[in-house]
Amino acid sequence: MDLHVKDLKQAHEQAMRLGARLLQAGDLESDEGHQAYADPAGHPFCIGWGQLLADERRQRLCETVAFSPHERTTLPRTATSLRAW
């Protein structure tokens with residue numbers, strides 16, 4: 001799952017307080033980027049920051065999410081909402 005935030009420092013601190021483990025640090029000096037984490041159970045997620053490109057926003061608005069091996073459904077998502085991993 002990917003989370004997009006305005007304040008990376010605050011999101012990082014909150015994730016760490018909740019038991020996340022930093023797997024891959026991003027370039028904090030960059031205007032946009034992401035850092036990879038694992039939750040306490042080991043599930044990966046990313047926290048990203050910066051402006052999404054228009055093409056990425058369109059792609060994230062309607063992503064295909066698999067609910068079963070035989071069924072696929074498209075769900076509307078906002079560019080700043082959670083995105084299926």
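What share of the contacts in the protein between residues at least 6 apart in sequence joins residues at least 24 apart? With contact meaning heavy atoms within 4.5 Å, the share is 30%. The structure is a predicted model, in which local features need pLDDT of at least 70, side-chain atom pairs count only at pLDDT 80 or more, and totals for chains, interfaces and linings use all residues. Residues are numbered from 1 along each chain as its sequence is written, and side-chain values use heavy atoms, with hydrogens and water left out.

The protein holds two helices and six strands, arranged from the N terminus as β-α-β-β-β-α-β-β. These elements are DSSP runs numbered from the N terminus (helices: H or I, at least four residues; strands: E, at least two). Of the 85 residues, 22% are buried, that is, under 20% relative accessible area with a 1.4 Å probe, protein chains only. The protein exposes about 6200 Å², 54% of it supplied by carbon and sulfur atoms; the areas come from the Shrake-Rupley method with a 1.4 Å probe.

Five of its six residues are buried, so strand E4 is largely enclosed by the rest of the structure. Strand E4 pairs with E1 (residues 2–5) in the parallel sense over four bridges, where pairing requires that DSSP finds at least two bridges between two strands. Here, histidine 4 stands opposite glycine 48 of E4. Strand E3 (residues 33–38) runs antiparallel to E4 and is joined to it by six bridges, with tyrosine 37 having phenylalanine 45 in E4 as its bridge partner. Five residues lie between the strands in the E3 and E4 hairpin, where glycine 42 takes a positive phi near 95°.

Key: Buried < 20%, exposed > 50% of the residue type's maximum accessible area, 1.4 Å probe, protein only.
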